[in-house]
Amino acid sequence: MVYWFLMVFLKVIIGAIQRIVLIEGSSFNWQMFSDFEGRIQCNNRVKTYLKKEALMISLEVNGKKCKVDVRPDTPLLWVIRETLGLTGTKYGCGMALCGACTVHVNGEAIRSCVTPVSSVDGKRITTIEGIGKTKEGKAIQEAWISDDVPQCGYCQSGQIMAAIALLKRNPKPADTEIDETMSGILCRCGTYQRIRQAIHRAAKKMAQGGKR
Ligand code: FES
Ligand code: FES
């Protein structure tokens, strides 16, 4: 009888240890999904662990100041999509290869899937939802509609953000510069010809002071 109780006791202890190791040891989840995974798992230990790691990070997103309470290594993309609910920026590869997650940080195009949110603390973030406020953004939006650029649309937020950054750098880019910049944003539908045409259209319109 004593032996039987001892065995049951040991089994319970081993099960508890395995559970803790499985949940707390999954570093992949912590890195990729930060506190969202923790909340989904709804485990007291996980919550305590994440609380210790979380920081208040200040951002200015599309002209609005905000503070986010997340782990410093959370990718900016998850903060934009999950914490702030701005889902126009897309997740493609998660490895800086496709460009679907492109946003602007202080006016520069960056890949938000590999940018830890702590590295943009205090900076100005612009997403696809906020680009209509600049002259380049407005010109690109109109040109995209005129040239009917998108096909399935998945890559287009990244394409538009990259195109605007290009026009800010060079308001009259040549074909080679357009192709070089835009080939970094993958489009499986192959809309590159129309993208090039729309960028020229936007550049022309900006040169004419916004007149058609
Ligand atoms: S999702 Fe960021 S580059 Fe592909
Ligand atoms: S429009 Fe479909 S992937 Fe680019």
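The legends below describe close-up views of a predicted model of one protein chain. Residues are numbered from 1 along each chain as its sequence is written, and chains are lettered from A and ligands numbered from 1 in the order in which they are written. Because the model is predicted, local features need pLDDT of at least 70 and side-chain atom pairs count only at pLDDT 80 or more, while totals for chains, interfaces and linings use all residues.

**View 1. The protein chain has eight helices and five strands.** Helices (H or I, at least four residues) and strands (E, at least two) are DSSP runs numbered from the N terminus. The order of elements from the N terminus is α-α-α-β-β-α-β-β-β-α-α-α-α. Of the 212 residues, 33% count as buried; buried means 20 or more other C-beta atoms within 10 Å of the residue's own, exposed means 12 or fewer, and partly exposed lies in between, with C-beta atoms placed from the backbone. Among contacts between residues at least 6 apart in sequence, 61% join residues at least 24 apart. Two residues are in contact if their C-beta atoms, placed from the backbone, lie within 7 Å.

**View 2. Helix α5 (residues 135-146) crosses helix α8 (residues 192-207) at roughly 130°, with the axes coming within 8 Å.** That angle makes α5 oblique to α8. Axes are lines fitted to C-alpha atoms, for helices over the stretch in contact, and angles run from 0 to 180 degrees between N-to-C directions. Angles under 35 degrees count as roughly parallel, over 145 as roughly antiparallel, 65 to 115 as roughly perpendicular and the rest as oblique. The crossing is right-handed, a term for a near helix turned clockwise from the far one by less than a right angle, with anticlockwise being left-handed. From α5, K135, E136, A139, I140, A143, W144 and S146 meet A198, R201, A202, K205 and M206 of α8. This contact has seven nonpolar, one polar and four charged residues; Ala, Val, Leu, Ile, Met, Phe, Trp, Tyr, Cys and Pro count as nonpolar, Asp, Glu, Lys and Arg as charged, and the others, Gly among them, as polar.

**View 3. Helix α7 (residues 175-182) and α8 cross at roughly 125°, and their axes come within 10 Å.** The angle makes α7 oblique to α8. Here too the crossing is right-handed. D175, I178, D179 and M182 of α7 make the contact with Y192, I195, R196 and I199 of α8. By class, five of these residues are nonpolar, none polar and three charged.

**View 4. M182 lies in helix α7.** M182 counts as buried because 22 C-beta neighbours lie inside 10 Å. Leaving aside residues up to four places away in sequence, M182 touches Q159, A162, A163, Y192 and I195.

**View 5. The largest nonpolar core holds 43 residues.** Such a core is a set of buried Ala, Val, Leu, Ile, Met, Phe, Trp, Tyr and Cys residues joined through C-beta atoms within 7 Å. I140, I160, A163, I199 and A202 touch the most other members. Elements supplying at least two residues each include β1 (55-61), α4 (76-83) and β4 (108-111). Helix α6 gives the most, with seven residues.

**View 6. N62 and D148 have positive phi values without being glycine.** N62 is in the loop between β1 and β2 (64-70), and its phi is near 50°. D148, in the loop between α5 and α6, has a phi of about 50°. N62 is partly exposed, with 19 other C-beta atoms within 10 Å, whereas D148 is exposed, with 11.
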